[in-house]
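Student: I would like to learn how to read a ligand site and a loop residue from coordinates. May we work through one example together?

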Amino acid sequence: MRKPFIAGNWKMNMNTDSAVSLAGGLAKELDGVDTVDVAVCPPFVYLRAVATALSSSNIALGSQNVYFEEKGAFTGEISCEMLKDVCCTYAIIGHSERRHVMGETDALINKKISAAINSGLLPIFCVGELLEERQAGTTNKVVSRQVKSGLEGICKERVQAVTVAYEPVWAIGTGLTATPDQAQEVHAMIRGLLADLYGNDVAQSMRIQYGGSAKPGNTAELMSQPDVDGLLVGGASLKVEDFAAMVKTVA
Ligand code: PEP
């Protein structure tokens, strides 16, 4: 039985006060919720402050990105050890904005996933097709390529640290949500692929989140799908009442 996992991606939003206030509000609202794993992923510069605000809660901390090198002349980058030093448990890797705005490749994402697992961080590994790829009927091909490349060289003992997040790019921040059937179809395809790569037991143990305009009003129907194990939430994670309502719906 996979424990549901809801993560909030705050993207490039907040300042110290609003980040601490959002984290504190969630800690209060979600006190006692233990049937769902919950994480928030603030911008790097607010990780420490948010970690302090969450210190007596069950809510875990994640980053929105990570670099694969351990240390050295990589100006502007943040290592796995640095993230662990500020109490991160998770790292979002391969988010569509990093793939399509910052130009991250499957090969780079693979190095990041590998480095994260080696260091003990749990990757939230994002995959998803563009609108034109869906319209051209290549969703499964694109997503399979992303999953296979991202996990290349990662053995079955290590891959279970990974949560896969299926995020159709056309649904991120657009208000368009994949229908529960569309989400389930791709999630089932991903699980089948994981079974081919790692065996059915491993595939059944791994969580696959959906992301793309998830909100309180569509949480229950998305989560009712057998292969949807959680949500990666952008916009709706910025309000205590919305994010808390989604977690409580799932709990
Ligand atoms: C995201 O950033 O991962 C995301 C899914 O955003 P939104 O919920 O705003 O579509």
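Student: Which polar side-chain atom lies 2.9 Å from an oxygen atom of the ligand, that is, to which residue does it belong?

Tutor: In general, one looks for pairs of N or O atoms within 3.5 Å. In this predicted model, the polar side-chain atom at 2.9 Å from a ligand oxygen belongs to His-95. The side chain of Glu-167 places an N or O atom 2.6 Å from an oxygen of the ligand, and for the side chain of Asn-9 the corresponding distance is 3.2 Å.

Student: How many residues surround the ligand, and which are the closest?

Tutor: The shell has 14 residues, with Lys-11, Glu-167, Gly-173, Ser-213 and Gly-234 as the closest. By class, the shell comprises four nonpolar, eight polar and two charged residues.

Student: Let us turn to the loop residue. Is Ser-237 buried or exposed?

Tutor: The criterion for burial is a relative accessible area under 20%. Ser-237 is buried because its relative accessibility is 0%. Ser-237 belongs to the loop that links β8 (230-233) and α12 (240-250).

Student: Which backbone oxygens does the side chain of Ser-237 reach?

Tutor: A polar atom of the Ser-237 side chain lies 2.7 Å from the backbone oxygen of Gly-234. The side chain of Ser-237 also reaches the backbone oxygen of Val-233, at 3.2 Å.

Key. Residues numbered from 1 in each chain as written. Predicted model: local features only at pLDDT ≥ 70, side-chain atom pairs only at ≥ 80, totals over all residues. Heavy atoms only, no water. Near = heavy atom within 4 Å. Polar contact = N/O pair within 3.5 Å; in protein donor to acceptor, adjacent residues only side chain to side chain. Nonpolar A, V, L, I, M, F, W, Y, C, P; charged D, E, K, R; others polar. Helix = DSSP H or I, 4+ residues; strand = E, 2+ residues; numbered from the N terminus. Buried < 20%, exposed > 50% of the residue type's maximum accessible area, 1.4 Å probe, protein only.
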